[in-house]
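Work through these exercises with the model open beside you. Try each task before you read its solution.

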Amino acid sequence: ISIITPCYNAAAVIAETIESVLAQETSYPFEVIIGDDCSTDGTRAICEHYAKEYDNIHLMSYSKNLGLIGNWVACIKATKGKYILGCAGDDYWNTPHKIQMQVDFMECHPNCVISHTDFDVLKVKSNKLIPSHNKSKGIVPPIGKIQKEILSGRECAAAVTFCYRADILKKYCPLDTYVSMKFPREDWPTLLIMSAYGDIEYIPVSTATYRVGQVSITNTIDYD
């Protein structure tokens, strides 16, 4: 199993992110690929500490800033696992059973190319936690081959909960094109493409916490 953690200037929270991954209780061995995109706030020093302490953590080194998509693609290319899960440097997993639950599910459902779950939302400024976002709003994400739903914005899927089948992702998703065309995000096109080759399945259990309210590439006050 491979877990990727792309990060940039996340010194205040990256330790919590890494600890939530290391806390996983699983019968499957897993590697952690951390892609620090030339952070300037001390993030790298924290990541280096964990990489020295744990043999299964691999810290990527870049000579220049790659950007959100470039960093994500570099992390994906470095993975060796049958399944790939992601936890960005400003989010964290909230259950130690995430890997085991999703991988077990996908092992029993070989047509499933991506599984995802419910998630909590943490509003950073008010420190308010909204548990089980989908359940709290009465949202039931569609399952199966859902390209029409994805194109119409009805997929209701959070990338921090994704578990990808690695061979399908690497075979059919044009990762270098993501970079050359300067895609603003990776989750939506990957979900759309992979749904052509198998089922998208949903597990109605919260496994991750998504932070909102802090400045990041997808939560920004200045898109310029």
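**Exercise 1. A bridge across the chain**

Which residue forms a salt bridge with Lys 77, and how far apart are the closest N and O atoms?

Solution. This is a predicted model, so treat each value as computed from it.
- Step 1. Find the partner. Asp 176 forms the salt bridge with Lys 77.
- Step 2. Take the distance. The closest N and O atoms are 2.5 Å apart.
- Step 3. Asp 176 sits in helix H8 (residues 175–180) and Lys 77 in helix H3 (residues 67–78).
- Step 4. Check exposure. Exposed means over 50% relative accessible area. Asp 176, at 51%, counts as exposed. Lys 77, at 48%, is partly exposed.

**Exercise 2. A salt-bridge network**

Determine which residues are linked with Asp 36 in a network of salt bridges, and whether Asp 36 is buried or exposed.

Solution. 
- Step 1. Start with one pair. The side chains of Asp 36 and Arg 44 meet in a salt bridge, at 3.9 Å from N to O.
- Step 2. A salt bridge needs the nitrogen within 4 Å of the carboxyl oxygen.
- Step 3. Asp 36, Arg 44 and Glu 48 are linked in a network.
- Step 4. Check accessibility. Asp 36 is buried, with a relative accessible area of 1%. Arg 44 is partly exposed, at 25%.
- Step 5. The structure holds seven salt bridges.

**Exercise 3. Two helices side by side**

Describe how helix H1 (residues 14–22) and helix H2 (residues 43–53) pack.

Solution. 
- Step 1. Decide what to report. Two packed helices are described by the angle between their axes and the distance between the axes.
- Step 2. Read off both. The axes of H1 and H2 come within 10 Å and cross at roughly 25°.
- Step 3. Classify the angle. Angles under 35 degrees count as roughly parallel. H1 and H2 are therefore roughly parallel to each other.
- Step 4. H1 passes H2 in a right-handed crossing.
- Step 5. List the contact. From H1 come Ile 14, Ala 15, Ile 18, Glu 19 and Leu 22. They meet Thr 43, Ile 46, Cys 47 and Tyr 50 of H2.
- Step 6. Seven are nonpolar, one is polar and one is charged.
- Step 7. Recall the helix repeat. An α-helix has 3.6 residues a turn, so residues three or four places apart point the same way.
- Step 8. Look at the buried set. Ile 14, Thr 17, Ile 18, Ser 20, Val 21 and Leu 22 are buried in H1. The buried residues of H1 pack against H2, and also against strand S1 (2–7), strand S2 (31–36), strand S3 (57–60) and strand S5 (92–93).

**Exercise 4. A loop and its partners**

Solution. 
- Step 1. Locate the loop. Gly 144 lies between helix H5 (133–136) and helix H6 (147–151).
- Step 2. Check burial. Gly 144 is buried, with a relative accessible area of 13%.
- Step 3. Compare the ends. Lys 145 is exposed, at 58%, whereas Asp 199 is buried, at 17%.

**Exercise 5. A covered helix**

How many of the eight residues of helix H9 (residues 187–194) are buried?

Solution. 
- Step 1. Count. Six of the eight are buried, and H9 is mostly covered.
- Step 2. Name them. They are Asp 187, Pro 189, Thr 190, Leu 191, Leu 192 and Met 194.
- Step 3. Take one case. Thr 190 counts as buried at 0% relative accessibility.
- Step 4. Find what surrounds it. Not counting residues up to four places away in sequence, Thr 190 touches Trp 72, Ile 114, Tyr 164, Leu 169, Cys 173 and Tyr 178.

Definitions and conventions:
Residues are numbered from 1 along each chain as its sequence is written. This is a predicted model: local features need pLDDT of at least 70, side-chain atom pairs count only at pLDDT 80 or more; totals for chains, interfaces and linings use all residues. Side-chain values use heavy atoms; hydrogens and water are left out. Axes are lines fitted to C-alpha atoms, for helices over the stretch in contact, and angles run from 0 to 180 degrees between N-to-C directions. Helices (H or I, at least four residues) and strands (E, at least two) are DSSP runs, numbered from the N terminus. Angles under 35 degrees count as roughly parallel, over 145 as roughly antiparallel, 65 to 115 as roughly perpendicular and the rest as oblique. A crossing is left-handed if the near helix is turned anticlockwise from the far one by less than a right angle, and right-handed if clockwise. Contact means heavy atoms within 4.5 Å. Ala, Val, Leu, Ile, Met, Phe, Trp, Tyr, Cys and Pro count as nonpolar, Asp, Glu, Lys and Arg as charged, and the others, Gly among them, as polar. Buried means under 20% relative accessible area, exposed over 50%, partly exposed in between (1.4 Å probe, protein chains only).
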